[in-house]
Amino acid sequence: MNADEFRRAAGEVADFIVDYLKGVKDRPVLPSVEPGYLHKLLPANAPQQPEAWQDIMTDVQDKILPGMTHWQHPHFHAYFPTGSSYPSMLGEFLSAGLGCISFSWIASPAVTELETVMVAWLGRMMGLPKELLPYTEGGTGGGVIQSSSSECILVGMLAARTKTIATLKKSHPDVDDCILVSKLVAYYSEEAHSAVEKAARICLVKTRVLSTDDKFSLRGETLREAVEKDIARGMVPFFACATLGTVGSTAVDDIDGIGRVCAEKDLWFHVDGAYGGNALICPEYRYLLNGFQYLSSFNSNPAKWMRMGADGTVMWVRDKKLLISALSTNRIYYLDDEEERDRLDYKNWSIPLGRRFRSLKLWFVIRMHGVEGLQSAIRSHVALAKMFESWVRADDRFEVVGTVEFGLVCFRLKGENTLTEVLLQQINESGKAHMVPASLKGKYVIRFTPANWYYSEEITKKTWDIITGFAQVVLHESRGDRQGLQVRESVDSGEVLGREEGVPENS
Ligand SMILES: *Cc1c(COP(=O)(O)O)cnc(C)c1O
């Protein structure tokens with residue numbers, strides 16, 4: 001491909017993206033392909049000779065798109081949002097164009113420094129305690145963009161493990177690290193993300209999975225009890241993770257209570273705010289910062305709820321030296337000798353050596369939406385969730401489970417779990433909307449979230465019509481009456497789904 005061909009192709013890709021987003025509402029949200037479908041469609045071997053760009057794009061249309069789950073479909077309501085937007089796409093594109101990776105400062109000073117500035121911007125947008133932020137006079141805190149929240153949790157735990165082992169070594173200099181590690185215990189709730197369990201497995205530490213209260217949030221007292229029991233047994237509690245917005249129901253743990261216990265018992269305190277943390281950019285959510293004075297580390301994923309495309313999660317730490325001491329490695333060819341420590345070498349803050357220029361898209365997103373634009377995007381999701389919640393509450397057949405704190409509503413048909421299971425299965429199989437379930441203390445719920453940015457009251461209403469249409473079928477069928485069939489026919493023929501949604505122009 002030469003430069004002129006590239007110019008042309010790049011324009012075509014931009015057209016493709018715009019057309020895709022405009023037309024995505026007409027595709028089924030979930031594909032109907034079988035596992036292995038693509039293997040059958042593509043040649044077994046890579047081409048020996050160069051192929052034409054047009055042929056490749058034809059394959060994208062014919063072979064890739066039919067196998068896509070369309071996250072930007074108006075009726076995609078699964079998981080959490082992914083923050084696609086035009087400024088973010090431009091940032092990704094430019095990052096690819098600059099074609100660099102950075103690990104040490106000198107490997108590309110602008111890459112390192114823009115990352116540090118963005119971490120500071122975002123931290124201030126969220127009102128985080130200044131001890132966690134870079135450029136704080138006399139401060140020890142700092143931040144980094146990791147690839148994922150899972151990675152933030154893992155490196156937080158690694159830093160905690162390194163710190164605790166170093167402390168134990170002082171009183172037990174002759175005991176092998178492996179023996180010391182076998183005493184360490186990490187704590188998190190039954191509603192915490194599986195990434196915490198994964199981190200503990202990688203770190204080879206013991207875990208206590210603590211139960212939550214009736215609002216699905218972990219209480220400080222529950223942690224205290226577990227920690228004291230372990231200390232009495234001769235174990236060493238070293239790490240606790242609280243969640244600000246759980247995946248199951250966006251519950252918020254008792255950050256203040258948990259923080260107090262961590263401070264008192266000298267545990268590393270990580271808060272996972274992958275989704276919910278983004279809401280801190282709206283001042284009305286700042287009450288959630290209560291207890292942040294105890295934090296050792298925090299992660300929030302702008303690629304979830306801040307219009308930035310995947311990937312990228314921002315992590316702040318109270319003491320960057322603790323993170324670096326867990327992860328730093330020095331080799332002469334990386335030009336990062338001791339005296340140069342003050343210059344940031346982000347390879348010492350994360351697991352990979354080479355790092356993409358991720359801060360560019362965050363910079364574009366923040367500048368082109370403005371803080372107010374990003375706040376209003378979050379607020380509109382919350383408003384739609386609240387509206388959806390009011391419809392569920394007004395319908396006797398349904399119940400809302402948990403609290404609608406952010407942009408997620410967990411709901412179910414009253415009665416046996418199987419009713420809701422069948423309802424969700426039918427909705428997903430229809431390709432008209434896509435949602436995923438959660439299990440909250442044994443109750444099977446459907447999670448509804450306005451998961452992308454092409455939403456409106458009308459789209460949300462239409463989703464509710466789809467849900468209630470199928471609910472009618474499920475309830476009739478569960479009673480075994482024939483009416484169920486007729487209702488199904490009218491749902492399938494689209495009678496209850498008649499509205500047209502708008503086409504996104506701005507993104
Ligand atoms: C999405 C999510 C994660 C995992 O995020 P990745 O970036 O995909 O690793 C962890 N915790 C919570 C609360 C999440 O919502």
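Start by selecting Leu154, which you'll find in helix α6, the stretch covering residues 149-171. Keep in mind as you click around that this is a predicted model.

Is Leu154 buried or exposed? Leu154 counts as buried, because its relative accessibility is 10% and the cut-off for buried is under 20%. Now show what surrounds Leu154: setting aside residues up to four places away in sequence, Leu154 touches Ala199, Ile202, Cys203 and Ile351.

Next stop: Lys304. Look for helix α11, residues 302-305, and you'll have Lys304 in view. The UniProt record, an unreviewed entry, puts the feature "modified residue: N6-(pyridoxal phosphate)lysine" at Lys304. Which residues are in contact with Lys304, leaving aside its neighbours within four places in sequence? Colour these: Phe80, Pro81, Thr82, Gly83, Ala274, Tyr275, Asn278 and Trp453.

Last stop: His434. Go to the loop between α14 (417-430) and β10 (436-440), and pick out His434 there. His434 is buried too, since its relative accessible area is 6%, and buried means under 20%.

Show side chains here and bring up Asn428: a polar contact of 2.9 Å links the Asn428 side chain to that of His434.

How values were computed:
Residues numbered from 1 in each chain as written. Predicted model: local features only at pLDDT ≥ 70, side-chain atom pairs only at ≥ 80, totals over all residues. Heavy atoms only, no water. UniProt positions renumbered as here; feature names shortened; annotations may be inferred. Helix = DSSP H or I, 4+ residues; strand = E, 2+ residues; numbered from the N terminus. Contact = heavy atoms within 4.5 Å. Buried < 20%, exposed > 50% of the residue type's maximum accessible area, 1.4 Å probe, protein only. Polar contact = N/O pair within 3.5 Å; in protein donor to acceptor, adjacent residues only side chain to side chain.
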